[in-house]
Amino acid sequence: IFSSLASSVLPIIVSDPLWTLPTTSGEIISSDIPRAMPNNEIQTIHQLAGPRNKEGHSAASVTITNSNAILISALMEFICQFTRALGDNTRFQLPTILFPLLERASPIGNHSSVQKTAFASLRKISVSIVGRKDISSLLASNFDYLVDVISLRLKKCAREQSVMERSLFGVVDVILQSVVYHGGGPTSTSNVENGGVPLVMAHVAMVGHMLN
């Protein structure tokens with residue numbers, strides 16, 4: 001019953017409009033301005049946004065992004081509660097939640113608190129799936145799935161002749177970070193003893209497949 005509930009609720013959480021709420025001011029500005037809008041009209045939009053801080057962000061946009069960041073973080077914690085209850089059965093929900101969490105773990109277009117919460121969520125999920133807080137193991141065990149998802153998105157961009165999604169770059173960035181921090185960081189000796197080298201090589205191969 002609980003698995004059925006997760007299958008119904010989780011896709012809603014990680015879809016529009018909740019999951020894609022902007023959590024940085026730059027995302028709000030770019031989403032509000034049509035690509036073909038004249039410069040004078042763009043300037044008017046910025047004026048209507050109100051006074052700006054030293055970083056050039058309006059008080060309204062900062063409030064919105066902070067609120068969105070809190071909401072997204074709460075949604076990720078809700079996902080973790082589900083996965084904690086599901087235990088090993090969480091693996092059946094990975095096709096729904098893994099890629100969205102990787103997108104939110106990226107520094108590209110995400111509030112720092114959202115990024116940190118996403119990494120924490122991935123570590124918690126890895127406990128349910130691989131038995132320890134090891135994002136590298138989680139990603140390596142889902143190599144085929146990640147390659148398939150990114151390949152499909154790249155093919156869609158090529159077919160529609162559209163610009164590649166920033167989230168794709170973000171996911172690759174997160175994978176590379178996982179290699180560095182979990183496979184080649186200061187604890188690399190223990191990682192080698194525990195089979196860390198094969199995991200690192202698997203991630204390197206994964207990135208190579210994505211970029212070719």
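This is a predicted model: local features need pLDDT of at least 70, side-chain atom pairs count only at pLDDT 80 or more; totals for chains, interfaces and linings use all residues.
Start with the overall fold. The protein has 11 helices and zero strands. Along the sequence, the pattern therefore reads α-α-α-α-α-α-α-α-α-α-α. The protein counts 212 residues, and 39% of them are buried. Look next at contacts with a separation of 6 or more. Residues 24 or more positions apart account for 70% of these contacts.

Now take one pair of helices. Two packed helices are described by the angle between their axes and the distance between the axes. The axes of H5 and H8 come within 11 Å. They cross at roughly 70 degrees. That makes H5 roughly perpendicular to H8, because angles of 65 to 115 degrees fall in that class. The crossing of H5 and H8 is right-handed.

Which residues meet where H5 passes H8? From H5 come Leu94, Pro95, Leu98, Phe99, Leu102 and Glu103. From H8 come Tyr145, Leu146, Val149, Ile150 and Arg153.

Two residues in that list also form a salt bridge. Glutamate 103 pairs with arginine 153, with the closest N and O atoms 3.0 Å apart. Glutamate 103 sits in helix H5 (residues 94-105) and arginine 153 in helix H8 (residues 143-160), so the bridge ties together parts that are 50 residues apart in sequence. Glutamate 103 counts as buried, at 17% relative accessibility. Arginine 153 counts as partly exposed, at 25%.

How many salt bridges does a search of the whole structure find? The search finds four. Another of them joins lysine 124 to glutamate 77, where the closest N and O atoms are 3.2 Å apart. This pair links distant parts of the chain, 47 residues apart. Lysine 124 belongs to helix H6 (residues 112-130), glutamate 77 to helix H4 (residues 59-86). Lysine 124 is partly exposed, at 31% relative accessibility. Glutamate 77 is also partly exposed, at 30%.

Arginine 84 belongs in this picture. Its place is in helix H4. Setting aside residues up to four places away in sequence, arginine 84 touches Glu77, Lys124 and Ser128. Arginine 84 and lysine 124 are 40 residues apart in sequence, yet 8.0 Å apart in space, C-alpha to C-alpha. Arginine 84 counts as partly exposed, with 47% relative accessibility.

A further salt bridge joins the side chains of arginine 132 and aspartate 134. The N to O distance is 3.5 Å. This lies inside the 4 Å limit, so the pair counts as a salt bridge. Aspartate 134 is buried, with a relative accessible area of 12%.

The cysteines come last. A disulfide is a covalent bond between the sulfur atoms of two cysteines. How many disulfides does the structure hold? It holds zero. No pair of cysteine sulfur atoms therefore lies within 2.5 Å. Cysteine 80 is buried, at 2% relative accessibility. Cysteine 157 is buried as well, at 9%. Both values are under 20%, which means that both residues fall in the buried class.

Key. Residues are numbered from 1 along each chain as its sequence is written. Side-chain values use heavy atoms; hydrogens and water are left out. Helices (H or I, at least four residues) and strands (E, at least two) are DSSP runs, numbered from the N terminus. Buried means under 20% relative accessible area, exposed over 50%, partly exposed in between (1.4 Å probe, protein chains only). Axes are lines fitted to C-alpha atoms, for helices over the stretch in contact, and angles run from 0 to 180 degrees between N-to-C directions. Angles under 35 degrees count as roughly parallel, over 145 as roughly antiparallel, 65 to 115 as roughly perpendicular and the rest as oblique. A crossing is left-handed if the near helix is turned anticlockwise from the far one by less than a right angle, and right-handed if clockwise. Contact means heavy atoms within 4.5 Å.
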